[in-house]
Amino acid sequence: MLKTLLAASSGAGARARLSVLIFHRVLPEPDPLFPGEIDAAAFRAICGWLAAWCQVLPLTEAMRRLVEGTLPPRACAITFDDGYADNHSVALPILQAHGLSATFFVATGFLNGGRMWNDTVIESLRRTERPTLDLHELPGDGAAESPIATVTSSERRSAIDQLLQRLKYLPADARVAATERLAALAQVVPPADLMMTTAQLRGLHAAGMTIGAHTVSHPILARLDRAAAQTEIEDGKASLEGMIDAPVTLFAYPNGKPGTDYSEETIALARAIGFDAAFSTAWGTAQRGGDRFQVPRFTPWDRTRVRFGMRMVANLRRRGTVPPLLSG
């Protein structure tokens, strides 16, 4: 039934709609602090469903066929953002076992021992042995007026969510400084092996996976001036091309919310720098004649086969793709 519904909702040829799924991490085991995070068992199930229901294409091929009007019914592509090490160690073997391909959008500044700011927050709160943390000195809206408890899992998770929201849109240098200060307050040395090494990145490429660009330091591009945004995008692309000795033709906007995380100027830069397509995190599907530099991505969050499939169908039937601000 789900295969039939997906075929009816997606169409084919010139009328086809392309589903592009987005993932970030695939954990080896469930994480009690983040029970909604995809782990190996959940990803194995999802890959089984996709292999049974969809025609999963390499993203480069899918975009070419979208433009040509030759997409098959139930066309789908899989993407990962950021460059986590578990993309290689956990996700890759599962993809290979199901005969599936994926595209990995990698922020190059965190490879080989780097760490994203949000992971400094998460790991500092996860690993601290201090019962409370006084965070009033950290910047951002909503500065704590009293200590934050970190004893129970729910208290730690609540503190993480508050801090991520509080720090997300700070200038990059201030944000990193704040997270390093948090680690010091928590008396934690966060791990340095969360992101891929160059060897793992090359391993993905050698396995037939596509490597896409995702800037150097994962900034909010809409908040950078043109020169800084151009440097972030160009340097990330060039660095990846040097690592895999191959062209990098696809780009994903960090965070990816239209109008908030990227702008009309960012889109123009992605075109001028020479990418074939760029990807947002707006819900919806790609259609022939749509903006190749604002391709929507979406992943159902459901853990059961029927609910996951039905949410894919519902997303295929969405008529909007990106907000009007950037749809012209």
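How many salt bridges does the structure hold? In this predicted model, the number of salt bridges is 13.

One of these salt bridges joins the side chains of Arg126 and Asp31, with an N to O distance of 2.9 Å. The pair connects distant parts of the chain, 95 residues apart: Arg126 belongs to helix H5 (residues 117-127), whereas Asp31 lies in the loop between strand S1 (17-23) and helix H2 (40-53). Arg126 has a relative accessibility of 28% and therefore counts as partly exposed, while Asp31, at 12%, counts as buried. Both residues also take part in a network of salt bridges that links Asp31, Glu123, Arg126 and Arg127.

A further salt bridge is formed by the side chains of Asp81 and Arg297 (2.8 Å, N to O). Asp81 and Arg297 are both buried. In the salt bridge of Arg311 with Asp302, the N to O distance is 2.5 Å. Here Arg311 is partly exposed, with a relative accessible area of 27%, and Asp302 is buried, with a relative accessible area of 10%.

As regards helix packing, helix H8 (residues 198-206) and helix H9 (residues 226-244) pack at an angle of about 75°, and their axes are 9 Å apart. The two helices, H8 and H9, are therefore roughly perpendicular to each other. The contact brings Thr198, Leu201, Arg202 and His205 of H8 together with Leu240, Met243 and Ile244 of H9. By class, four nonpolar, two polar and one charged residues make up this contact of H8 with H9.

Technical notes: Residues numbered from 1 in each chain as written. Predicted model: local features only at pLDDT ≥ 70, side-chain atom pairs only at ≥ 80, totals over all residues. Heavy atoms only, no water. Axes fitted to C-alpha atoms, helices over the stretch in contact; angles between N-to-C directions. Helix = DSSP H or I, 4+ residues; strand = E, 2+ residues; numbered from the N terminus. Parallel < 35°, antiparallel > 145°, perpendicular 65-115°, else oblique. Contact = heavy atoms within 4.5 Å. Nonpolar A, V, L, I, M, F, W, Y, C, P; charged D, E, K, R; others polar. Salt bridge = Lys/Arg side-chain N within 4 Å of Asp/Glu carboxyl O. Buried < 20%, exposed > 50% of the residue type's maximum accessible area, 1.4 Å probe, protein only.
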